[in-house]
Structure formats: C-alpha cells, structure tokens
Amino acid sequence: MIKTMSAYTFEIDDVAIAVSEILAQLNVEHTLCAHTVGLMTCYDEFIETGVTKAISDALPFDIIGCSTMANAFAGELGEMMLCLTVLTSDEVLFSAGVTQSLIEIQDAPLIAAYQEARRILPGEPGMMLMCGPIISQLGGEILVEKLDAITGGIPLFGTLAGNHRIDHLKSHTIFNGQSSNDILSFVLVYGPIHPSFFVTTIPGEKIKNQKAIITKAADNILMEINHLPVQVYMEHLGIDAWVATTSFPFLIDYNDGTKPVLRSIYAFTPEGYAVCGGRMPIGTTIMVGDIDYADVMYTTGETVKQILQVPEPSCILMFSCLARYLVQGADPTAELEQVRSSLHDTVYQFCYSGGEICPVYNEHGRLVNRFHNCTLIACVL
C-alpha cells in the first residue's frame, strides 16, 4: 500500500516562508512510512530563487521533478505555483536516480544511473516514474526507446520538462534541489503495485478521414506524405502548414496493434520539412487531427470519468501537453479547474508537459512504452 500526501506554495521569493508552508502541510515527523519519495513540479522561478533547493534540503527523502507552465493538486491550482506529492509506504520501495548530462554521451549516463538505482532494490522494479529534459539532440521518443531497452521494458511514466518561456530547451529537471536542462531524474518503484494507465488524445471525429502513408522522413523530420512535400499535402487538405504548428497535430498509426499516437509539429525547416515531436517512420499510416478548447474540456472530462472507476486509488498523476494548455487561450486554467471539480478531494498531481511518456496497451493487452504529444496521460497507483 502507498500513502500519498501533497503540499504546495505560491511563495516564490521568500525561501523561509515557502519551506515552512511545505513542512506544515506534510508534518513529516508523524506521517512518513519506511520508504518515501517526492515528485515536485513548479514554475521556473522557484528554481531561480532557490526555493526548490531549500525545500529539498529540509526534507528527509529524495525528490525528483521538473519545471512546468501550470500545475495543480487536490484543492489548489495555479501557474506560479509549486506542488510536491509525497509517496510513502512500508511495503513498496522507491529508488531515485539522476543521470549525468545527456547532451554529449546519451547511452552511458542512462545505463549508469539506472544500474546504480537498481542496485539497492531486492528485485526487478515494477515501473519507472521520470522527469526528462527537452534536448534537440535527444528527442523524447529516442529517450523512451533507450530506457525501454535499458530497463527491460518496465512501464515508463512521466513527462518532459516545460516552462512559460518560448525556448523550452531551457526548461529544467530537478533532483534533490539541483536543477539542469540536460539531465533525467527518475524513481524506480518496487513492490506490490498495480498501476493503471490512461492515454487520451483527441475525439475521433476531429481526425480527418484521409489516411496517407509517410513516404520520406528522417527520424523526427517529416519530408513527404504520399510522395508529396509535407506542405503541399496539407494544402490539399485545406490546411495552412504554418497554422498546423499550433492546432493540427499528426496522428501516427504504427500498424502494430497499439493505439495511434499524436505528434506535434514544432517548426518547419527552410526546405519545408516538418520538425515533429517524435519519430515519423517511413511506411506508417498518418492522419491529420484538429484540437481546440472544446476538445480539451471533453477529453479531460472523459478521462477523469475513467479514472474514477479505479477502486481506492492511492495516488493519481496526470500530465497534459503544452499544446492543450495553449489552445485554452484566455482561460488557461480551465482544464485544471475541470480536474479539480471532478476529482474533488482525491489525491492527485497535475502539471503541463513538454512531452508525455506513458505505456499503451496493444491488441494482446501487453503494455508498450510510448512517447506522446498533444496528449493527456494519467497513472493511478
């Protein structure tokens, strides 16, 4: 059994006040079990003012986390806010780890960090919770593929860091108060856990019926669809290719029995190629979707209904894509408000993501790790 506690603060500037607010809400001297770990998400300035480090230094357990655009937990929500969820248990073990920089050497730091965290566990972990960086040299999908191989395919759940700035490459991951824009922090979970995973993209009717084939691509660079340049193909659908970077994600079907995944268009190259949020494999089926405010509200509501069917959840972790945040426009906390009103006093943590990491179920009911864009994901423990 896992017991979950949450704490928050809006105090960015006064470190002492922020720490006292967190400690008062957690009351760790009387509430912790034998094994404990924390997950922290926050507005970037909490890192810059030293609040995240001070809170980590004041608590007797490991904390992983990342910066975000907005977050929430039971009862509170906001953009300029820090949330800390604490998982504690006598039966379940937690082993936290952090990599060295992933920019220059990608495999070795991942292997070393995983092996070090795995070493103290008595057996194979049941899952990994993770907060990763956005690195141009190491796309989110490549990161997931590498970790899937290193961990032997255990369920991976987490987020890439984000922030309120245009350049998300400067968003931060956190490990015990130290922050960086090129490291991965994670927790291996071992013991009697039975996680449920939920992945929500966009309503089926918002996916254009025209199915096509990717005929030219290189990793996450999409060049041609049905042997037509990307921009030409989208013009045939009546879509301005530049508008597609905010409202028209691609839906990719791997044709392997798993649910299709969404891929954002981050930008276009001078050659007119689309820079996407994940691999665009040649030969896979591609469709164009459309996401707006109403889609976000509807899909969030449906996901919460599914979550509430899980009996006696100990904790709910939810990550929603930055794109879903942006299409809310002048009402940027609408999705947060909907979750709060629906989950009431249920213990949960919600934050906006630079890329979502969550397993999907294939046609045989087996979990397959996937990287997502424009998606709302949830893990119920």
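Modeller: Both faces of strand E8 are covered. On one side sit Met127, Leu129 and Cys131, and on the other sit Met128, Met130 and Gly132. Every one of these residues is buried. In a regular strand, side chains alternate between the two faces of the sheet. E8 spans residues 127-132 and is mostly covered, with six of its six residues buried. Keep in mind that this is a predicted model.

Now the partners. Strands of a sheet pair through backbone hydrogen bonds, in a parallel or an antiparallel sense. E8 is joined to strand E12, residues 185-190, by five bridges. E8 and E12 run antiparallel. Within E12, Ser185 is the bridge partner of Cys131. E8 also pairs with strand E9, residues 156-160. Here the sense is parallel, again over five bridges. Gly132 stands opposite Leu160 of E9.

Pro125 is found in the loop between helix H5 and E8. Is Pro125 buried or exposed? Its relative accessibility is 4%, so Pro125 counts as buried. Leaving out residues up to four places away in sequence, Pro125 touches Tyr114, Arg118, Ile154, Leu188, Val189 and Tyr190. For a sense of scale, take Asp345, which is 220 residues from Pro125 along the chain. The C-alpha atoms of Pro125 and Asp345 are separated by 30 Å.

H5 comes next. Two packed helices are described by the angle between their axes and the distance between the axes. H5 (residues 107-119) packs with helix H6 (residues 140-151) at an angle of about 45 degrees, and their axes are 10 Å apart. That angle makes H5 oblique to H6. The crossing of H5 and H6 is right-handed. Which residues make the contact? From H5 come Asp107, Leu110, Ile111 and Tyr114. From H6 come Leu143, Lys146, Leu147, Ile150 and Thr151. By class, this contact of H5 with H6 has six nonpolar residues, one polar and two charged.

Now a look elsewhere in the model. Six strands form an open sheet, in the order E5-E4-E23-E22-E26-E13. The pairing in this sheet is mixed. Strands E5 (76-78) and E13 (196-200) are the edges, and each pairs on one side only. Neighbouring strands of the sheet are turned by 10 degrees against each other on average, direction ignored. Within the sheet, E22 (residues 316-321) and E23 (residues 348-353) pair in the parallel sense over six bridges. Ser320 stands opposite Tyr352 of E23. Helix H9, residues 293-307, lies across E13, E22 and E26. H9 runs at about 165 degrees to E13.

Two loop residues close the tour. Most residues other than glycine have a negative phi. Asn176 has a positive phi, near 50 degrees. Asn176 sits in the loop between strands E10 (173-175) and E11 (178-180). Its relative accessibility is 23%, so Asn176 counts as partly exposed. His227 also has a positive phi, near 65 degrees. His227 lies in the loop between strands E15 (221-225) and E16 (228-229). With 62% relative accessibility, His227 counts as exposed.

Methods:
Residues numbered from 1 in each chain as written. Predicted model: local features only at pLDDT ≥ 70, side-chain atom pairs only at ≥ 80, totals over all residues. Heavy atoms only, no water. Axes fitted to C-alpha atoms, helices over the stretch in contact; angles between N-to-C directions. Helix = DSSP H or I, 4+ residues; strand = E, 2+ residues; numbered from the N terminus. Parallel < 35°, antiparallel > 145°, perpendicular 65-115°, else oblique. Left-handed = near helix turned anticlockwise from the far one by under 90°. Contact = heavy atoms within 4.5 Å. Nonpolar A, V, L, I, M, F, W, Y, C, P; charged D, E, K, R; others polar. Buried < 20%, exposed > 50% of the residue type's maximum accessible area, 1.4 Å probe, protein only. Pairing = 2+ DSSP bridges.
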